[in-house]
Amino acid sequence: MNPSSHQRSIHRGFTLIELVVVIVILGVLAAVAAPKFINLSTDAKNAALKGLEGSVKSAMQISKAKLTTLGLHEQTAVTSWTHPTTVGNWCETCMFNFGYPANMPATWFSLVENLGAIDDPQTDFVPAAGITGMATSVAFTFPDNVNDDGSNTIATQSCYVRYTPGDATTLPVVEMVPCQ
């Protein structure tokens, strides 16, 4: 056999075993990666809730600071209609208890952007009631997580930011309950 004919017989392509191995590896990668991509909407909602939680906490602290500078932070109830020239200047329809926002939705509409009424198509989050075991709390959630029967109650016991007002001896509590 001459050397030039040997060079012409070099095999090209992949063997069947090599192709099967590659297909198996791709299948394993797809099985591992697919659930990560499928769950992106839940991750996005949880990230949005985390941002809302920060907004609610910031609104609490800003309200406390403003009411403290006005000397109104220790009063049981301060409203924008009883103090129109002070509180009413920065919070249109608001109620505060001991320097922090009450759980009145109108207060939160004034304090937090992208929070609005359920029938407002421009809103990202809405207030809702009906959190199990939390009668005095208000939940801020996505419009699609509120029952559409007119009760304005939360549809699932997850996927919301809960605000529980404080009193003379306890601070308010803000807690994110992630989407599942």
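Author: Let us begin with a term: a residue is called buried under 20% relative accessible area, exposed over 50%, and partly exposed in between. The model discussed here is predicted.

Reader: Is Asp 144 buried or exposed?

Author: The relative accessibility of Asp 144 is 58%.

Reader: Which residue meets the side chain of Asp 144 in a salt bridge?

Author: Asp 144 lies in the loop between β5 and β6, and its partner lies in helix α3, so the pair ties together parts that are 99 residues apart in sequence. The N to O distance is 3.3 Å.

Reader: What is the order of the strands in the open sheet?

Author: The sheet has four strands with antiparallel pairing. Its edge strands, each pairing on one side only, are β4 (126-128) and β7 (173-177). The order is β4-β5-β6-β7.

Reader: Which helix packs on the sheet?

Author: This helix touches β5, β6 (160-164) and β7, and its direction makes about 175° with that of β7. It spans residues 40-69 and is helix α3.

Reader: Which residue forms a salt bridge with Glu 175?

Author: Glu 175 lies in strand β7 and its partner in strand β6, so the pair ties together parts that are 13 residues apart in sequence. The closest N and O atoms are 2.0 Å apart.

Conventions. Residues numbered from 1 in each chain as written. Predicted model: local features only at pLDDT ≥ 70, side-chain atom pairs only at ≥ 80, totals over all residues. Heavy atoms only, no water. Pairing = 2+ DSSP bridges. Helix = DSSP H or I, 4+ residues; strand = E, 2+ residues; numbered from the N terminus. Contact = heavy atoms within 4.5 Å. Axes fitted to C-alpha atoms, helices over the stretch in contact; angles between N-to-C directions. Salt bridge = Lys/Arg side-chain N within 4 Å of Asp/Glu carboxyl O. Buried < 20%, exposed > 50% of the residue type's maximum accessible area, 1.4 Å probe, protein only.
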